[in-house]
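The entries are kept in the order in which I looked.

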Amino acid sequence: MTRTIDDLRAAIDAVDQQLLQMLNQRATLADEIGDIKRKEGSQVYRPEREAQVIHKLQTANQGPLQPASIANIWREIMSACRALEEPHRVAYLGPQGTFSEQAAEAFFGVSIDHVPCASFDEVFEATASGRAAFGVVPMENSTEGVVARSLDLFLTSPLHIIGETDLLIRHNLLRKHNDLTGIEAVYAHPQALAQCQKWLNTHLPDAERHAAASNAEGARLAAENPAWAAIASERAGRRFGLHLVAPSIQDETYNRTRFAVMCLPQTLQMPEASGNDCTSLVVSVINRPGAVYDLLEPIKRHGVSMTRFESRPARGGQQWEYFFYIDLQGHISDPHVAAALQDLRPICAFYKVLGSYAING
């Protein structure tokens, strides 16, 4: 017998009631675990545990739901459970509507206390001072490379990385009027302007380009003048009442940005191994022949895969001295990673582990 739409809707309503009951049961169990951990003095929030839960569900799934959807659903469930006691305070580059805000919600879920900041420096300061428990900053973009200011701030910051997330970035031209005529200036973060320069050269060659503290700030400015436009997300457009004049104007179709999630060690210690981890560190070596080879040799010898190697000039140091930012595949507690780092450390003039954490996805 074929079921009618009314029959199917009634079945969905019944399932929704079951889901609600089971979600409340889950929240109660999570709250009990939190009470036990607090009495024991152990960490309540375990990002690597959440990553394992999501991965386990994705692996066991045999229904039509896609892995990304499962991750999104369970991340929000866990976020809502955490918020029953106290939502995490999370700092990011604001105002509302930035990709950094989107990244914060992608990692923690929407049940957080938002702490928008005016600059990357303020994100670090807010997190290090305790005004926010966690901070989220972009680290690298698939088109433009590393975000230099974030790397520089990690060098001297007491914060460490406890997680990561990445977003597919879609840049849109936003404006008060729904057309391209009469645009005198375009506002956006410098990274966004660089990622859209081919489109701007073709479609708005005479418009001035102005750097804003964030794309959402550029959208706010564009809302004040009909002759201005902004490059920002759709959520920023909705936030400031702007038309989406041209969608997806980034020069590269595959345009992703990787964000680091950071906190003080006393807020959250280094996460335990999840089975799919990354270890980030920054080092420097004395400038002499073969120094970089010596730096990389222990990594190769112990069979550790290096997924990122970036150099940054050492500010205030001697000419042509550099810091090297390295990502290694694996957790710092993995025997082969631990052995490589043990042999690497004596070679370095400067050595700092930025974090060892579960890889997004």
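**Conventions.** I noted that this is a predicted model, in which local features need pLDDT of at least 70 and side-chain atom pairs count only at pLDDT 80 or more, while totals for chains, interfaces and linings use all residues. Residues are numbered from 1 along each chain as its sequence is written, and side-chain values use heavy atoms, with hydrogens and water left out.

**Cores.** I looked up the nonpolar cores, each being a set of buried Ala, Val, Leu, Ile, Met, Phe, Trp, Tyr and Cys residues joined through side-chain atoms within 4.5 Å; buried means under 20% relative accessible area, exposed over 50%, and partly exposed in between, with a 1.4 Å probe and protein chains only. The largest core has 28 residues, and those touching the most other members are Ala91, Phe124, Val137, Phe154, Ile161, Met262 and Tyr325. I then listed the contacts of Phe154 (contact means heavy atoms within 4.5 Å), and, leaving aside neighbours within four places in sequence, found Phe124, Val137, Met139, Leu159, Ile161, Ala260, Met262, Lys352 and Leu354. A second, separate core holds 18 residues, including Ala103, Ile169, Phe259 and Cys263.

**Helices H2 and H3.** I took helices (H or I, at least four residues) and strands (E, at least two) as DSSP runs numbered from the N terminus. Axes are lines fitted to C-alpha atoms, for helices over the stretch in contact, and angles run from 0 to 180 degrees between N-to-C directions. Helix H2 (residues 47-60) packs against helix H3 (residues 67-83) at about 140 degrees, with the axes 9 Å apart. H2 is therefore oblique to H3, given that angles under 35 degrees count as roughly parallel, over 145 as roughly antiparallel, 65 to 115 as roughly perpendicular and the rest as oblique. On the H2 side I found Glu50, Ile54, Leu57 and Gln58 in the contact, and on the H3 side Pro67, Ala68, Ile70, Ala71, Trp74, Arg75, Met78 and Arg82.

**Helices H3 and H4.** The axes of H3 and H4 come within 8 Å and cross at roughly 85 degrees, so H3 is roughly perpendicular to H4. I found that Arg75, Glu76, Ser79 and Arg82 of H3 meet Glu105, Ala106, Phe107 and Phe108 of H4.

**Loops.** I checked the peptide bond from Gly94 to Pro95, which is cis with omega near 5 degrees; Pro95 sits in the loop between strand E1 (89-93) and helix H4 (99-108). In the loop between strand E10 (243-246) and strand E11 (256-263) I looked up Ser248, which has a positive phi of about 50 degrees although it is not a glycine. Ser248 counts as partly exposed because its relative accessibility is 37%.

**Asn255.** Asn255 lies in the loop between E10 and E11, and at 0% relative accessibility Asn255 counts as buried. Leaving aside neighbours within four places in sequence, I found Asn255 in contact with Asn141, Ser142, Thr143, Leu167, Leu168, Ile169, His171, Gln195 and Gln250.

**Glu48.** My last entry concerns Glu48, which lies in helix H2 and is buried, with a relative accessible area of 2%. With neighbours within four places in sequence left aside, Glu48 is in contact with Pro271, Glu272 and Ser274.
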